[in-house]
Structures are given as C-alpha cells and as structure tokens.
Amino acid sequence: MTTSELFEREVKLILKDVGISGTQLINGVVNGPEEHWQDCPDRHCRGVSPEIFIPEHGNTKTLTEARKYCVGCPVRSSCLYQSLIDHDIVGVFGGLPERRRRVLRKWLRANGVRYGRRSSSLSPWIDQGEDVTAKHNSPLFV
Ligand code: SF4
C-alpha cells in the first residue's frame, strides 16, 4: 500500500468514527457548522469538567474517557467542524484529539479546501456558487 493510500485509509477511518463523509466534512468547514455546539442543551459534555477534554499527552486512558462523551453526541459533527476552523483550539472536540484533527486538516489542504474562522470570508468558489466537490479527487468524496 502506498503512503497516499495509507493516508486516505486513515482519513476514511476517522470520518467513519465521526459518522460523516468527506463531502460533509468539506461543507462543514467551508460553510461553518449548522448549529453552535455550545448552545445545544443536549450536548454530552454539558456540566462535565473541561479538564476531561484536555487529556494528558500520550495518556490513552484519559483520551478514551473524553471520547466516551462524544460518542452519540447530537452536535458531534458541528463540534468537530468548529474545532477544525478554530486552529488554536486544544483538546478533544467532536471525539477527536488534536493529532486526528491535524490529519483531517492535512487532507483538506491536500484537496485544495480553503477555510478559516467563521468571521472570515467564504472560499471564493462557494461565493461563485461552484460545486466544491468538483475540485477534489480524493475517493472519499461520497
Ligand atoms: S462532541 Fe464531545 S466535545 Fe463536542 S459537544 Fe459533544 S460531547 Fe462536547
């Protein structure tokens, strides 16, 4: 298996874990999340100490504990999109630690997806009404 195929496989596994497609990921970061995860009364981390979501480096036990809250959370994908947009966010968001979010950012960059904070302007091809998926060639665009 080539490095590129291994990379695509890793991204595919991460997307499967979150329960979204590559196209949904792109739309989520380019257009911004549909809802603000912090406003959701049913988010699983409501009332939970934020420290849990900043696991010690290399401590898989604390990471697993944090991720348990995110499984089945109703705003998991929105939480992930926002954490990808806000590059300076640290800790577990959308059930993913920073290392996995870096993989997704790398994949987005590799596919020419430009995005930033919600306050910044949208990607030019969105403003022009173009189909974002037409610009990419990853097999994960489903
Ligand atoms: S996905 Fe996790 S961090 Fe995000 S709102 Fe839900 S429980 Fe909280």
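Reader: Which hand does the crossing of α1 and α5 have?
Author: The crossing of α1 and α5 is left-handed, that is, the near helix is turned anticlockwise from the far one by less than a right angle. Helices here are DSSP runs (H or I, at least four residues), numbered from the N terminus. This is a predicted model, in which local features need pLDDT of at least 70, side-chain atom pairs count only at pLDDT 80 or more, and totals for chains, interfaces and linings use all residues. Residues are numbered from 1 along each chain as its sequence is written.

Reader: At roughly what angle do the axes of α1 and α5 cross?
Author: The axes of α1 (residues 3–18) and α5 (residues 98–110) cross at roughly 120° and come within 10 Å. Axes are lines fitted to C-alpha atoms, for helices over the stretch in contact, and angles run from 0 to 180 degrees between N-to-C directions. α1 and α5 are therefore oblique to each other; angles under 35 degrees count as roughly parallel, over 145 as roughly antiparallel, 65 to 115 as roughly perpendicular and the rest as oblique.

Reader: Which residues of α1 and α5 meet?
Author: Glu-10, Val-11 and Ile-14 of α1 meet Arg-100, Val-103, Leu-104 and Trp-107 of α5; contact requires C-beta atoms, placed from the backbone, within 7 Å.

Definitions and conventions: Helix = DSSP H or I, 4+ residues; strand = E, 2+ residues; numbered from the N terminus. Contact = placed C-beta atoms within 7 Å.
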